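Hi everyone, and thanks for making time for this. Let me put the structure on the screen, and then we can walk through it together.

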Amino acid sequence: MTTGTITTPTTGTTGTLTVAAAGVATTVQDLGRTGLAHLGVPTAGPADRRSFTLANRLVGNPENTPALEMTLGGLELTLSTARYAAVTGAPAPVTVNGVRVPDPTLVHLPAGARLAIGRPWAGCRTYLAVCGGVEATRVLGSASRDSLTGLGPPPLAAGTVLGLGPARPVPGVPVELAFSAVPVDGAVTARFRWGPRDDLFDAADRQRLTATTWRISAQTDRVGARLTGPPLAIGSVHLPSEGTVRGAIQIPPSGEPIVFLSDHPVTGGYPVIGVVTDTDIDLVGQTLPGDELRLVPAR
Amino acid sequence: MTGAAAGGARLRRAGDRGWLVECPGHRPAELALAIRAASWAAELREVVPAATTVLVVAEHAAAMERLAGRLTRLLDAAAVGDGGDGIRSGPRAAARTVVIPVRYDGADLDAVAARAGLTRAEAVRRHTGGRHTVAFFGFAPGFAYLDGLPEPLRLPRLDSPRARVPAGVVAIAGNQTVVYPGGTPGGWHQIGVTTTRLWDVDATPPNRLAIGDRVVFEAVGP
């Protein structure tokens with residue numbers, strides 16, 4: 001797709017956002033589709049929810065306001081009207097009209113200025129919230145793009161035009177409150193709770209899960225982070241499909257764990273040995289292929 | 001981390017906000033309806049019945065212990081069938097019967113009939129005569145697992161799934177039937193097609209079928 005999607009601005013819209021370059025993978029997200037898992041609908045939403053909600057708070061938006069999630073940066077865009085914007089999550093070089101913004105957490109964008117967000121130094125997912133939010137078609141109540149099912153607005157492309165919601169007062173959150181955690185040295189420790197199927201695993205497998213320094217594999221996306229390392233020995237287990245949650249550490253017959261992220265399927269048939277905590281799953285959502293991950297039981 | 005409840009049911013911890021309820025002796029669909037009907041259901045984010053379990057996800061992690069107590073009491077009441085807020089006496093969504101006309105000309109129908117030792121017409125008759133019930137949704141939006149496939153038609157899934165199955169294809173595997181919502185791969189045996197759309201993201205609600213509904217398949221066309 002080369003032309004992008006044009007969302008017709010609705011009444012009350014006071015501007016537009018035009019994409020010049022979309023980067024590797026940039027999508028519209030809000031906090032996702034909740035309450036529909038029993039119909040087979042994944043939640044979707046940002047891979048790093050904390051950074052996403054922070055971006056919205058910085059520009060005075062309600063936390064669930066649609067904003068942009070980019071993977072490995074590469075986004076360039078202009079606004080038709082002057083607005084505040086916030087950049088959070090994986091820290092990346094940000095320029096306005098080619099001039100480097102020293103602290104991009106809260107940026108004022110003049111009308112027509114070109115905002116460019118480069119490749120992050122650490123982590124992989126950077127968030128851009130614009131004051132007033134971007135407008136996108138809601139599917140089943142949410143503007144989130146779900147990569148598993150294709151629900152929600154298509155990924156951004158060069159030429160995509162999105163409407164902007166009406167500007168609102170920017171609260172001036174102190175910048176020192178604005179930092180969000182990303183795995184700066186490529187090594188992440190994620191806490192997890194045992195269960196629901198930890199009792200299917202023997203002591204050696206449980207020990208291997210926590211003793212191993214896992215590596216994030218190249219087959220990692222918004223559905224799940226695949227880990228490589230010495231495999232657990234459990235092998236194939238017959239388990240009827242059951243509901244799964246974000247953060248679930250699923251062990252397929254290969255013995256190498258998959259940690260479910262935002263676009264995970266609502267049911268799964270492989271045993272889940274543990275679930276990464278709500279806090280630390282955001283960190284896993286920032287990992288890149290090759291990063292190291294240690295899983296430690298939550299106290 | 002697990003806890004025992006009445007009747008062999010167990011609560012298994014599923015993260016900061018989740019309990020996976022194992023409920024031998026109960027149909028997960030009915031247990032899910034009872035949980036949704038409870039006065040405290042507003043504290044829940046998701047209630048996801050599957051083959052033998054119900055996943056319950058709370059809005060707030062702080063409510064997990066209280067939620068465990070409530071689930072345990074609900075299961076206890078169900079086990080003795082008392083007049084409390086148990087499963088047998090709890091309010092239930094009226095089970096509906098949904099008729100789905102099917103043109104039985106699927107690519108796998110002949111192979112299914114042969115493996116079942118039936119003629120093609122007999123295979124169709126067995127399928128239309130089955131007591132099909134919506135057990136749960138999973139795999140993809142609107143993918144409803146319908147229990148109740150009659151015995152001679154029960155087969156394991158295809159060795160190799162088809163890459164993309166269009167909306168409306170009626171297919172069987174194990175003791176279940178599915179009407180594909182469209183746009184997914186599929187490893188089930190395709191026996192027919194229906195023009196009835198059971199899943200429409202633009203409709204409210206998007207699902208024409210609800211858990212617990214009866215489904216009657218009706219043979220139509222050439």
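Let's begin with a question: how many Å separate the centres of domain 1 of chain B and domain 2 of chain B? Taken over C-alpha atoms, the separation is 29 Å. Please keep in mind that what you see is a predicted model. In the domain assignment of chain B, domain 1 covers 10-80 and domain 2 covers 97-220. Where these two domains touch, domain 1 of chain B brings 5 residues and domain 2 of chain B brings 5 residues.

How much area is buried between domain 1 of chain B and domain 2 of chain B? It comes to about 400 Å², and carbon and sulfur atoms give 69% of that. On the domain 1 side, look for Arg27(B), Ala29(B) and Pro49(B), which supply 65% of the area this domain buries against domain 2 of chain B, more than any other three residues. As for the residue classes, the side of domain 1 that touches domain 2 of chain B has 4 nonpolar residues, no polar ones and 1 charged.

Now let's turn to the two chains. Chain B and chain A bury about 2600 Å² between them, with 57% of it on carbon and sulfur atoms. Each chain is well represented in the contact: 33 residues come from chain B and 33 residues from chain A. Within chain B, the residues that lose the most area to chain A are Asp16(B), Glu46(B) and Pro141(B), together 19% of what that side buries.

Here the rule finds 4 salt bridges across the interface of chain B and chain A. One to look at is Asp16(B) with Arg193(A), where the closest N and O atoms are 3.0 Å apart.

The whole structure has 2 cavities of 30 Å³ or more. The largest holds about 60 Å³ of space, and its lining includes Phe137(B), Val179(B) and Asn207(B). That lining has 6 nonpolar residues, 2 polar and no charged.

And which residues line the second largest cavity? Among them are Pro196(A), Val272(A), Ala14(B) and Leu55(B). This second cavity holds about 50 Å³, and its lining counts 8 nonpolar, 2 polar and no charged residues.

Technical notes
Residues numbered from 1 in each chain as written. Chains lettered and ligands numbered in written order. Predicted model: local features only at pLDDT ≥ 70, side-chain atom pairs only at ≥ 80, totals over all residues. Heavy atoms only, no water. Domains from an automatic or database assignment. Contact = heavy atoms within 4.5 Å. Buried area = accessible area lost by both parts, 1.4 Å probe. Nonpolar A, V, L, I, M, F, W, Y, C, P; charged D, E, K, R; others polar. 1 Å grid on protein atoms, 1.4 Å probe; cavity = no way out; pocket = protein on both sides within 12 Å on 5 of 7 lines; lining within 4 Å. Points joined across faces, edges and corners; volume = space filled by probe spheres on them. Salt bridge = Lys/Arg side-chain N within 4 Å of Asp/Glu carboxyl O.
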